[in-house]
Amino acid sequence: MYDVIIVGGGPAGLAAAIYTAHAGLSTVLFERMSPGGTAATTYRIDNYPGFKNISGRELADEIRTHAEDAGAVIKMEAVSDLKLDGRVKQIRTAEGTYEAGTVILACGSDRRKLGIPGEEEFSGHGVSYCAACDGSFFRKRDVAVVGGGNSAAGYAVELAGICSHVTLIYRGNELKAEYSLREKLESLPNVSILYRHEVREIQGDTAVRRLLIENLDTGKSDTLPVAGVFVAIGIKPNSELLPRELLTPDGFIQAPESGVTSVPGVFAAGDLRKKQLYQIVTALSDGANAAYSAQLYLHGSSETES
């Protein structure tokens, strides 16, 4: 039996593991894919204090190494079931059942999908949600990026370095991305931005060939020939396995900065927690707070009451 089980190996979960392990608590972390979460797929991170320019993969690897060096056990196993009530918490994976006195939920998030015709059909055949993973397949070809935030702008910048032309499609009037990314986009001669446009259908044969797009102001439809489309329109929390009483209507966990939830001994951190800003630095802070709350709980402190 462990002191702490952490579900999720993104920045929040890894930070929590560092703090609980340093506090002398036996800690095991479960991650279903690869440590780092969605942060590991980010092209470039330039707003994380202390690192002016580092890739998401590099930062994720550094944090993972830190957690392991601190003494946390990291298991690459997908959690299939959780029992969170009672003093002893249980989680189940394909490898077995594990128990702990506390659980930190840092399940992270997945990319939101467009939900339009052709998206599922061409997933992996021109439709992608990760420029760092799939960008090289479209070298010297025309592609599109859908979205207007940091991820979309970062994708466009990364793809512009290897693709012939990148069209950024955004339904709003102005990008939500940080100033440095907007400035970089404007300096790239092979990037164009279509404001007030939405993709209505992804078309092709064995792979993506074109997008059907609509001008939201005029209602006029047009086609955009591309070999690939990268979707970056936000996140949805990975909360499918969690008890409904923990969740908000949109699937997040409502918890204060301490990470304390309505279930004793259960704490939330990272993208799973409903908050104002979803960034690596806030995920790390969440992980540290949840770890401290778990420590207080195990030591019988009433400070963890929500």
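Strand β13 (residues 208-215) and strand β14 are antiparallel and are joined by five bridges; strands here are DSSP runs (E, at least two residues), as helices are (H or I, at least four), and both are numbered from the N terminus. The model is a predicted one, in which local features need pLDDT of at least 70 and side-chain atom pairs count only at pLDDT 80 or more, while totals for chains, interfaces and linings use all residues. Residues are numbered from 1 along each chain as its sequence is written, and side-chain values use heavy atoms, with hydrogens and water left out.

A parallel pairing is found between strand β9 (residues 142-146) and β10, which are joined by five bridges. In this pairing V143 is opposite V166 of β10. Strand β10 (residues 165-170) is largely enclosed by the rest of the structure, because five of its six residues are buried; buried means under 20% relative accessible area, exposed over 50%, and partly exposed in between (1.4 Å probe, protein chains only). The loop between α4 (150-160) and β10 contains G161, which is exposed at 64% relative accessibility. The C-alpha atoms of G161 and V28 are 40 Å apart in space, the two residues being 133 residues apart in sequence.

Two packed helices are described by the angle between their axes and the distance between the axes. For helix α1 (residues 11-22) and helix α6 (residues 280-298), the axes come within 7 Å and cross at roughly 40°. The crossing of α1 and α6 is right-handed, that is, the near helix is turned clockwise from the far one by less than a right angle, anticlockwise being left-handed. On the α1 side, P11, A12, A15, A16, Y19 and T20 take part, and they meet I280, A283, L284, G287, A288 and A291 of α6, with contact meaning heavy atoms within 4.5 Å. By class, this contact has ten nonpolar residues, two polar and no charged ones; Ala, Val, Leu, Ile, Met, Phe, Trp, Tyr, Cys and Pro count as nonpolar, Asp, Glu, Lys and Arg as charged, and the others, Gly among them, as polar.

The structure contains 14 salt bridges, each defined as a side-chain nitrogen of Lys or Arg within 4 Å of a carboxyl oxygen of Asp or Glu. One of them links D81 with R92, with 3.1 Å between the closest N and O atoms. Since D81 belongs to strand β4 (residues 79-83) and R92 to strand β5 (residues 89-93), the pair ties together parts that are eleven residues apart in sequence. D81 is partly exposed at a relative accessible area of 26%, and R92 is partly exposed at 34%. K113 and E120 form a salt bridge at 3.1 Å, N to O; K113 is partly exposed at 46%, whereas E120 is exposed at 54%. The salt bridge of R209 with D205 has an N to O distance of 2.9 Å. A network of salt bridges links R171, E198, R200 and E214.

Definitions and conventions: Axes fitted to C-alpha atoms, helices over the stretch in contact; angles between N-to-C directions. Pairing = 2+ DSSP bridges.
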